[in-house]
Amino acid sequence: MANYSKPSSSSDGGLIFGFIILGLGVLLLLRKLGIFFPAWLLSWPMILIAIGLVVSIKHQFRSLFGGIMLFLGVYFLLDREFAFDFGMERYILPIGLIILGIYLITQKQKEKRIMDNVQDQIRNKTFKSPDSESGGEGSSSNFAGSGTTDSSQKPPISGVSGTSFSDRINIDAVFSGVNKRVLSKNFQGGKLTAAFGGVDLDLTQADFSGLINLQVDVIFGGMKIIVPPHWDVRVEVTNVAAGVEDKRIYRQSEVDADKVLVLRGTVFFGGLEIKSF
């Protein structure tokens, strides 16, 4: 029986982004009416703060990009609007490069650990093989038990290009591009963020049963998702000054009602493209 899980409200970016747009509209209306409000609320550092808040809330305040946007926004807001002189302007670029380098190194090491774990599982025959299939029900049940345990313990793959065996994905493409192919047969969704960058996600070799949610957030970037033609893909994203294109090829075969992929999130000054072959 298909497992239809209730979508988590914390990952719905439309509500958060809606409040930001509402607040911006109220401030612009107050300006037109001549009603006083602090001018710094419409300054450009507030854009960085808003982006940082949206991304951080979506990722439960565990996003490096969200933290960087919040830090830069608050720093420039205090420095330019409130005349706080921190004397750090000459250090921002080298510190930023150091943080980015540490982030890329740690993500690469995490990817290597997961791939080593996958190779160990293959050597230990925890993945299903033709030999295990010919071994009867006993070997199949052993695989099912061990495979389920390992699958639930595998952490989601983050923003590194390549092939992923993880059941959940968490990709952050910040001023960069990420190409990812998912091979999991128990795909459970995840989160994609493209900020001033791009993400290409290939799900043609993935499989799942029931309903899953994939959070997509595009800010001044682009994202392309390739899905099998028989999946039921439902797009429920909020797009502002952006394009969302469904370029899937519809074939004579019916859509599988047991495979429902729901795309949620926000596309802001960017593009989201859905394709199939």
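This is a predicted model: local features need pLDDT of at least 70, side-chain atom pairs count only at pLDDT 80 or more; totals for chains, interfaces and linings use all residues.

Reader: How many aromatic pairs does the rule give?

Author: The count comes to 10 aromatic pairs.

Reader: Why is the pair of F175 and F196 called stacked?

Author: The ring centres of F175 and F196 are 5.0 Å apart. Rings pair if their centres lie within 6.5 Å. The planes of F175 and F196 are at 5°, and planes under 30 degrees apart count as stacked. So the pair is stacked.

Reader: Which parts of the chain does that pair link?

Author: Distant ones. F175 is in the loop between β2 (169-174) and β3 (177-182). F196 is in the loop between β4 (190-195) and β5 (198-202). The two residues are 21 residues apart.

Reader: Why is F175 called exposed?

Author: The relative accessible area of F175 is 59%. Exposed means over 50%, so F175 is exposed.

Reader: What makes F196 partly exposed?

Author: F196 has a relative accessible area of 36%.

Reader: Which residues are in the cluster linked by ring pairs?

Author: F175, F196, F220, F268 and F269.

Reader: Why is the pair of F208 and W231 called edge-to-face?

Author: The ring centres of F208 and W231 are 4.8 Å apart, and the limit for a pair is within 6.5 Å. Their planes are at 80°. Over 60 degrees counts as edge-to-face, so that is the label for F208 and W231.

Reader: Where do F208 and W231 lie?

Author: F208 is in the loop between β5 and β6 (210-219). W231 is in the loop between β7 (222-226) and β8 (232-240). This pair also links distant parts of the chain, 23 residues apart.

Reader: How do you know whether F208 and W231 are buried or exposed?

Author: Buried means under 20% relative accessible area. F208 has 2% and W231 has 1%. Therefore F208 counts as buried, and so does W231.

Reader: Which charged end sits over the ring of F208?

Author: That of K259, 6.0 Å from the ring centre.

Reader: Which residues form the nonpolar patch on the surface?

Author: I68, Y91, I95 and I99. Together they have about 330 Å² of accessible area. Helix α4 (residues 89-123) gives the largest share, three residues.

Reader: Why is I95 called partly exposed?

Author: I95 is in helix α4, and its relative accessible area is 40%.

Reader: What is the reach of helix α3 against the expected value?

Author: Helix α3 (residues 64-81) has 18 residues. From first C-alpha to last, α3 reaches 25 Å, close to the 26 Å expected at 1.5 Å a residue. Its buried residues include F65, G66, M69 and L70. A83 follows α3 with a positive phi, near 60°.

How values were computed
Residues are numbered from 1 along each chain as its sequence is written. Side-chain values use heavy atoms; hydrogens and water are left out. Helices (H or I, at least four residues) and strands (E, at least two) are DSSP runs, numbered from the N terminus. The expected span of a helix is 1.5 Å times one less than its number of residues. Buried means under 20% relative accessible area, exposed over 50%, partly exposed in between (1.4 Å probe, protein chains only). Patches are made of residues with over 30% relative accessible area and no salt bridge: like charges are joined within 9 Å, nonpolar side chains (Val, Leu, Ile, Met, Phe, Trp, Tyr) within 5 Å. Accessible areas come from the Shrake-Rupley method with a 1.4 Å probe; for residues, only the protein chains shown count as cover. A salt bridge is a side-chain nitrogen of Lys or Arg within 4 Å of a carboxyl oxygen of Asp or Glu. Rings of Phe, Tyr and Trp (its six-membered ring) pair if their centres lie within 6.5 Å; planes under 30 degrees apart count as stacked, over 60 as edge-to-face and the rest as tilted. A charge sits over a ring if NZ of Lys or CZ of Arg is within 6 Å of the ring centre and within 35 degrees of the ring normal.
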